[in-house]
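Please open the structure in a viewer and keep the selection panel at hand.

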Amino acid sequence: MSNKKDRRRAAAPQAKGYSEAGASLTRRALKGFVPDSGAPNEDINRNNATLRQRARMLYMAAPVATAAINTNRTKVIGTGLTLKASVDREVLGISPEAAKKWQHAAEMEFRLWAGKKQNCDALGLNNFESLQQLALKSWMLSGDVFALVKRYPATPLNPYTLRLHIVEADRACTPSEYGGGVTIGGFVEGKIPEGKPGAGHKVYDGVEVDSNGRVVAYHISNTYPHQITSEPQKWQRVEAYGAKTGLPNILHIMDSERPDQYRGVPYLAQVIEPLLQLRRYTESELMAALVQSFFTAWIETETDPSDTPFNEVGAGDIAGVPAEVNADGGPMANNISDDDNEYEMGPGTVTHLAPGEKVNFGNPNIPTAGFETFVKTLCKLVGAALELPYDVLIKEFNSSYSASRGALLEAWEAFKMRRKWFVDDFCQPVYEMFLAEAVALGRISAPGFFTDPLVREAWCGARWIGPVQGSLDPKKEAEAALMLIDNAIKTHEQVSREMSGGDWEENVEQLQRENELLTQAGGNKVTVVSASPKEGDGDED
């Protein structure tokens, strides 16, 4: 018997390492947990149409999903990211005064183009700040968004031809004639046949890549999938970059989670199921409470159940509903009923019930005792997945100062990261295209811009100023900022940018002018006092 066991043990595969842990196929808890992940195209592109529809539906119908998207919109973009030109003076070899003068001129020219919707939007609906909000929200809802670069004739009020057309993710898809893989949203994978531009290239859900996997073009449909229209569906191939200028013809805004990924995943993708179940749960609790509120009181009686014990009560003014009036303007009937089968309630009323009758009043127990706790717990899990702490997601700051500040700091790290992505994919490329046209038109002087790529990069330097981190205790945080400046850990410029989004040099110049005016008016000058925290000051709840 022992030899038989030894032979069986020797014939069985030896389980080692993760095969005895998370990769085990024999443990009862893991037996049914056998996922089968494929290429990004299979896992993402073929499911994206469904993910987008569900994410949009939750945004429209689930308050927590709406809060998550809108909070990112407000904190990442706010009223819009503002251009602050910042050239590299060392590379360009210009003085600080010349650099400042040039930067101001570039900002004014950009404001001329970006400040009016008819100047920057191909549809004439949004100015550049509103385009930023639209692009970010569409990116988060759909997983990615496109900005198509168009050129319109210059006008007397706008010397620039650059226009942007925001294109939603659904319209970027593989043409049906190239289709190799079909899903709910249409064709997602294909190969361009001979005789067509880009012959031999593969197309992944509208993104055309060459043999090296490099993105070379995008295919944009004139209609949405399943759109009810008589217009025939057509696709336009848009090369990623212009052959002569090297400037982008289309901007693709997304963040990647896997290598070889060409399309983005909706921000809510990982929490679609819990958000949907949370919506259903809250709706069921609301409906139960609504239904239960109808049962104010009822009569238990021993009368024949085949009889109808209740009739319409009275004809007077009941619950704000006016009674019918007669020719003299008075009520046609009194509000008090004489029918034995009618029951009425009112303040201070004493009612005599018939033998065998008693009154039962409803005892509402909705919402259930654990409703709030369960909803909070689920929101915490959803918020963790979306990098939005519960306090920030629900806008409930009932914790201590330290806990609330910690939540804001944690959320702000995610906001800064998404802002950086958005600036790199949208704002900065748009500014560089605008600046190239401004220099070409001679409206801005930038020597070496078209001859030396390094010089061009130096001219294109810019910062994008947006909403700053919220403050729970401005006094404490201002004192901490002054201590950092005093110890050369941060500069005045850094603190000004982080706490107000402003420019320190401009603040100093403005303060100087204000002091001059105050002196002329006989007032006191504004001075900066470095305050140190008092001994014993600590964290307050």
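How many bridges join E8 to strand E9 (residues 235-239)? Five bridges do so, and the two strands run antiparallel. Helices (H or I, at least four residues) and strands (E, at least two) are DSSP runs, numbered from the N terminus, and two strands pair if DSSP finds at least two bridges between them.

This is a predicted model, in which local features need pLDDT of at least 70, side-chain atom pairs count only at pLDDT 80 or more, and totals for chains, interfaces and linings use all residues. Residues are numbered from 1 along each chain as its sequence is written, and side-chain values use heavy atoms, with hydrogens and water left out.

**The whole chain**

Display the entire chain, in which there are 15 helices and 13 strands. Of its 541 residues, 34% are buried; buried means under 20% relative accessible area, exposed over 50%, and partly exposed in between (1.4 Å probe, protein chains only). Among the contacts in the chain with a separation of 6 or more, 62% are accounted for by residues 24 or more positions apart, where contact means heavy atoms within 4.5 Å.

Select strand E8 (residues 215-221), which is mostly covered, with five of its seven residues buried. At Ser221, the bridge partner in E9 is Trp235. Val209 stands opposite Val215 in E8. The hairpin of E7 and E8 has five residues between the strands, and there Gly213 takes a positive phi near 85°.

**The open sheet**

Now select E3, E2 and E10, three strands that form an open sheet in the order E3-E2-E10 with antiparallel pairing. Strand E3 (162-168) and strand E10 (250-254) each have a single partner strand and stand at the edges, so one side of each is left without a neighbour in the sheet. Between strand E2 (residues 144-151) and E10 there are five bridges; one to display is that of Phe146, whose partner in E10 is His252.

Move to helix H7 (residues 128-142). Its 15 residues should span 21 Å at 1.5 Å a residue, and the end C-alpha atoms are 21 Å apart, which agrees; the expected span is 1.5 Å times one less than the number of residues. The buried residues of H7 include Phe128, Leu131, Trp139 and Met140. After H7 comes Gly143, whose phi is positive, near 100°.

Axes are lines fitted to C-alpha atoms, for helices over the stretch in contact, and angles run from 0 to 180 degrees between N-to-C directions. Residues that make the contact include Ile69 and Val76 of H3 and Leu136 and Met140 of H7.

Then show helix H2 (residues 40-61), whose axis comes within 8 Å of that of H7, crossing at roughly 120°. Here the contact involves Arg52, Ala55, Arg56 and Tyr59 of H2 with Lys137, Leu141 and Ser142 of H7.

**Pro389**

Finally, select Pro389, in the loop between helix H9 (371-385) and helix H10 (390-394). At 18% relative accessibility, Pro389 counts as buried. Not counting residues up to four places away in sequence, Pro389 touches Gly383, Ala407, Glu410 and Ala411.
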